[in-house]
Amino acid sequence: MTNTLTVKFTGTIRQPLHIVSKQYGDIRHHAKHRVHPDIAFTVLSEQNGVCHFKQEVALLGMKQIDEVFQKRLADGSLESEVISGTNKGTKIFQSFQPLEPNATLIQIRVQIPLNGIKKVLKPFFRIAVLSTLKKAFEEDRTDLEDKGYPRG
């Protein structure tokens, strides 16, 4: 039995790739406009394509506070790693592909080390993580398609 849980999600947003990719990596925008109302973001530093931030969220009724490094890779994708907190060691990969001029395919892969209660509750934890990914995707889609990015 593996000690890592991998959860994948794919979705489409009706906006050009460069806008979608930029919004996904813009943690200041997410914090300021409460793109994900259930997640509190605090940007700690930003330089050379790396954003260091703190996020607070509840998952399965458990408050989780994590410190994250997110970096933009050469191909435009994003790679994040939780360096401390409840989900230390978790990695998130987000890639973007154009489907047409005004539509972008987003692929998200989350790898979570399982220990303690997460290991015991793996099937339920998988469902909770997938549900959280779907909800976050819908919030990003609404932000990009309905509210517009960037905003003043």
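# Salt bridges, helix packing and backbone

Lysine 71 has a relative accessible area of 36% and is therefore partly exposed, a class that lies between buried (under 20% relative accessible area) and exposed (over 50%), with a 1.4 Å probe and protein chains only. The model is predicted: local features need pLDDT of at least 70 and side-chain atom pairs count only at pLDDT 80 or more, while totals for chains, interfaces and linings use all residues. Residues are numbered from 1 along each chain as its sequence is written, and side-chain values use heavy atoms, with hydrogens and water left out.

The side chain of lysine 71 meets that of glutamate 79 in a salt bridge, with N and O 3.8 Å apart. The term stands for a side-chain nitrogen of Lys or Arg within 4 Å of a carboxyl oxygen of Asp or Glu. Glutamate 79 is partly exposed as well, at a relative accessible area of 26%. Over the whole structure, a search finds 9 salt bridges.

Another of these joins lysine 135 to aspartate 38, where the N to O distance is 2.1 Å. Helices (H or I, at least four residues) and strands (E, at least two) are DSSP runs, numbered from the N terminus. Lysine 135 has a relative accessible area of 42%, so it counts as partly exposed. Aspartate 38, with 49% relative accessibility, is likewise partly exposed.

In it, glutamate 138 pairs with arginine 141, and their closest N and O atoms are 2.4 Å apart. The two residues are 3 residues apart in helix 4, so about one helical turn separates them. Glutamate 138 is partly exposed at 36% relative accessibility, whereas arginine 141 is buried, with a relative accessible area of 18%. Both residues take part in a network of salt bridges that links Arg14, Glu138, Arg141 and Glu145.

Helix 4 is also one side of a helix packing. Two packed helices are described by the angle between their axes and the distance between the axes. The axes of helix 1 (residues 17-25) and helix 4 come within 11 Å and cross at roughly 125 degrees. Such axes are lines fitted to C-alpha atoms, for helices over the stretch in contact, and the angles run from 0 to 180 degrees between N-to-C directions. Helix 1 and helix 4 are therefore oblique to each other, since angles under 35 degrees count as roughly parallel, over 145 as roughly antiparallel, 65 to 115 as roughly perpendicular and the rest as oblique. Their crossing is right-handed, the term for a near helix turned clockwise from the far one by less than a right angle.

Which residues of helix 1 and helix 4 meet? From helix 1 come Ile19, Val20, Gln23 and Tyr24, and from helix 4 Phe137, Asp140, Asp143 and Leu144. By class, this contact has 5 nonpolar, 1 polar and 2 charged residues. Here Ala, Val, Leu, Ile, Met, Phe, Trp, Tyr, Cys and Pro count as nonpolar, Asp, Glu, Lys and Arg as charged, and the others, Gly among them, as polar.

The segment after helix 4 contains proline 150. A cis peptide bond joins tyrosine 149 to this proline 150, with omega at about -5 degrees.

Two residues other than glycine have a positive phi: arginine 34, near 50 degrees, and asparagine 48, also near 50 degrees. Arginine 34 sits in the loop between helix 2 and strand 2 and is partly exposed, its relative accessible area being 44%. Asparagine 48 is in the loop between strand 2 and strand 3 (50-59); its relative accessible area is 77%, so it is exposed.

Glutamine 55 is part of strand 3. At 18% relative accessibility it counts as buried. Leaving aside residues up to four places away in sequence, glutamine 55 touches Ile39, Ala40, Phe41, Gln64, Ile65, Asp66 and Val68, where contact means heavy atoms within 4.5 Å.

With residues up to four places away in sequence not counted, glutamine 107 touches Phe9, Thr10, Phe93, Gln94, Ser95 and Gln97. Glutamine 97 and glutamine 107 are 10 residues apart in sequence, and from C-alpha to C-alpha they are 8.5 Å apart in space.
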